[in-house]
Amino acid sequence: MSGDGMNPAAEAEPVEDVHGDDRWMSQHNRFVQECKDAEPEVLFLGDSMIQLMQQFEVWREVFSPLHALNFGIGGDTTCNVLWRLQNGELQNIRPKVVVLWVGTNNHEHTAEQVAGGILAIAQLLTYRLPKAKIVVLGLLPRGERPNPLRQKNAVVNDFLRSWLPRLGQALFLDVSGEFVHSDGAIGPQDMFDFLHLTSTGYRTMAKPLSDLLLQILEETPEERRASLV
């Protein structure tokens, strides 16, 4: 179990501005600015799976009413999310829960490295937000049919299932089984490009996630502390 600098997936780095429009940094700066004014109870953090969530009615109906902020940026890896958190995206906010969903874009890293990168983010969150609970979402299967990337994501989830309980504050939620049919296929009604979720797909993952969030938010401070022991 390693989330330290020996792991390339746990090294903080910004996204290189290869297109010349500085969009990634502009999004990061917007998030830092939001931290100065918002008082979220739930912070959503990650890549396009988080970012696109707010494009669907499930965000407005289910998650936004929980006083949620969405800090998702498409294409982000664990390295990029680490950099963002180390450079202002946690300043001035004290959410009760952080939902973390990242790792499927770490194509250059092994499954163990990816899991270590996710663990490093969770460790940073527990250090910076000692009273918060961290909900780590398992990586979803990808591709219409079984393929090596699906297998890799499944192995990442296996590592996380083993490692995260040791942090105390972290909870692992894996909804990947909801999207694979008995013949091994993923349908376009759930993932329009066999990676990103449709409105139907988001509703499928939203039910167990919202149930967990409501359970956490309804805990008293004493119950929350007790559950972290």
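Buried means under 20% relative accessible area, exposed over 50% and partly exposed in between, with a 1.4 Å probe and protein chains only. The model is predicted, so local features need pLDDT of at least 70 and side-chain atom pairs count only at pLDDT 80 or more, while totals for chains, interfaces and linings use all residues. Residues are numbered from 1 along each chain as its sequence is written, and side-chain values use heavy atoms, with hydrogens and water left out.

**View 1. The loop residue N92.** At 57% relative accessibility, N92 counts as exposed. N92 sits in the loop that links α4 (78-86) to β3 (97-101); helices (H or I, at least four residues) and strands (E, at least two) are DSSP runs, numbered from the N terminus. N92 is not a glycine, yet its phi is positive, near 75°.

**View 2. D22, ahead of helix α1.** D22 belongs to the segment before α1 (23-37). Phi is positive here too, about 60°, although D22 is not a glycine. With a relative accessible area of 38%, D22 is partly exposed.

**View 3. Helix α5.** This helix covers residues 111-128, which makes 18 residues. The expected span of a helix is 1.5 Å times one less than its number of residues. For α5 that gives 26 Å, and the end C-alpha atoms are 26 Å apart, which agrees. Of the 18 residues, 13 are buried, so α5 is largely enclosed by the rest of the structure.

View 4. H109 is placed in the loop between β3 and α5. Its relative accessibility is 14%, so H109 counts as buried. Contact means heavy atoms within 4.5 Å. Leaving aside neighbours within four places in sequence, H109 is in contact with P8, A9, C79, V114 and K152. One of these partners, C79, is itself buried, with a relative accessible area of 2%.

**View 5. The cysteines C35 and C79.** C35 is buried at 1% relative accessibility, and C79 is buried at 2%. A disulfide is a pair of cysteine sulfur atoms within 2.5 Å. The structure holds zero disulfides.

**View 6. P146 and I186.** P146 lies in the loop between β4 (133-137) and α6 (148-163). Its relative accessible area is 58%, so P146 is exposed. In sequence, P146 and I186 are 40 residues apart; in space, their C-alpha atoms are 9.0 Å apart.
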